[in-house]
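Please read it beside the sequence and the coordinates.

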Amino acid sequence: MQKIVFFISNLISCFIYGTDNRRLWRGRVNIFLFYPSIRRFIKRAYGEKISSVKFIRQRTLNRMVCLVNNKYYVKIFRNVSVQQLKDFEFLNNYVEQRMKVKIPHVVADNKIPMYACESVPGKLITEFDKSYVLENDQKVLKQIHGIIRQLQRIKVDDIPNKDRFLTSMQVRTKEESCRHPRQVLAHFDLNELNFLFDDELNICSVIDWDTLSIANNPTTDTTIFLKYWNAYKRRPV
C-alpha cells in the first residue's frame, strides 16, 4: 500500500514546477493519502485524536516525516518492512534506557511501515550563529565523542536475540576495515542536524535513530560524524 502512495505522490509532483514546490506538493499528497493510517496509528499509540498534521521533510522518495499535533514526529517508509521497524522499536528503546543523553522513545505501527516518537527539547545547530558554533568546536566534539562512548559501552552480547540486528534495516554507509574489529552499537547517521542543543551548546538530545544497528568497526560513528562535521565547517555562512 505504502509503495502505491509514494508512487502517486511522486507522479503528481512531476507536474509541479520548481524543486521546493515539488517537494511540498509531494508531502501534501502523501499526508492526504496516509491520513487515515496516521490517524489510526496515533489513536492506538497515544490515545489521541489528530488535530493537525504538518509536513516536515522528504529528503528522498522513500520516506517522509510529518509532525502530528505539534508533538509527535511520524516517519513513513516505502522500502522498509513492518517487522524491521518493530525490531528497530525494540532496539531503540533498549538503548534509550541505557543512555544518559535524551533519546526519543519510539512506537512502531503494526500495519504500515512507520514509527512515531515525541518531540524532544533542544535547538538545531542551524539556529545558532555559525561563528559561535565554530568558537565552541572542541566543546561540541568532546560531547559527541562522549555520546559515542556511551553507546559503545552497551554490551552487544546482552541484547536479547541480537542476531536479528546484524543485518541492516536500511542501506548503511560502507564500513571500512579495521585492525581490531569489535561489535558495537552504532547510530550510523551522526550528522550535525541529529543533535539538539541548549543555548550554551550543551547537547540535550540525539534524534533520528532509525539507522541504529550493530557495527563491527568501533570507529564507524566517529568517522561518519567527522565527515559531516567537517563539511558543515567548510560550508559558507
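## Helix α6

Helix α6 has 15 residues and spans 22 Å from its first C-alpha to its last, close to the 21 Å expected at 1.5 Å a residue, where the expected span is 1.5 Å times one less than the number of residues. Helices (H or I, at least four residues) and strands (E, at least two) are DSSP runs, numbered from the N terminus. The model is a predicted one, in which local features need pLDDT of at least 70 and side-chain atom pairs count only at pLDDT 80 or more, while totals for chains, interfaces and linings use all residues. Residues are numbered from 1 along each chain as its sequence is written, and side-chain values use heavy atoms, with hydrogens and water left out.

The buried residues of α6 are T220, D221, I224, F225, W229 and Y232, buried meaning under 20% relative accessible area, exposed over 50% and partly exposed in between, with a 1.4 Å probe and protein chains only. Seen down the axis of α6, these residues fall within an arc of 150 degrees, so they line one face of the helix; the arc is that of the directions from the helix axis to the C-beta atoms. Their cover includes α4 (130–135), α5, β6 (184–186), β7 and β9 (213–215), contact being heavy atoms within 4.5 Å.

Leaving aside residues up to four places away in sequence, M99 touches I147, Q150, L151, I154 and W209.

An open sheet is formed by 5 strands in the order β1-β2-β3-β5-β4, with antiparallel pairing; two strands pair if DSSP finds at least two bridges between them. Because β1 (53–57) and β4 stand at the edges with a single partner strand each, one side of each is left without a neighbour in the sheet.

Helix α2 (residues 19–46) lies across β1, β2 (63–68), β3 (72–77), β4 and β5, running at about 75 degrees to β5. Angles run from 0 to 180 degrees between N-to-C directions, with axes fitted to C-alpha atoms, for helices over the stretch in contact.
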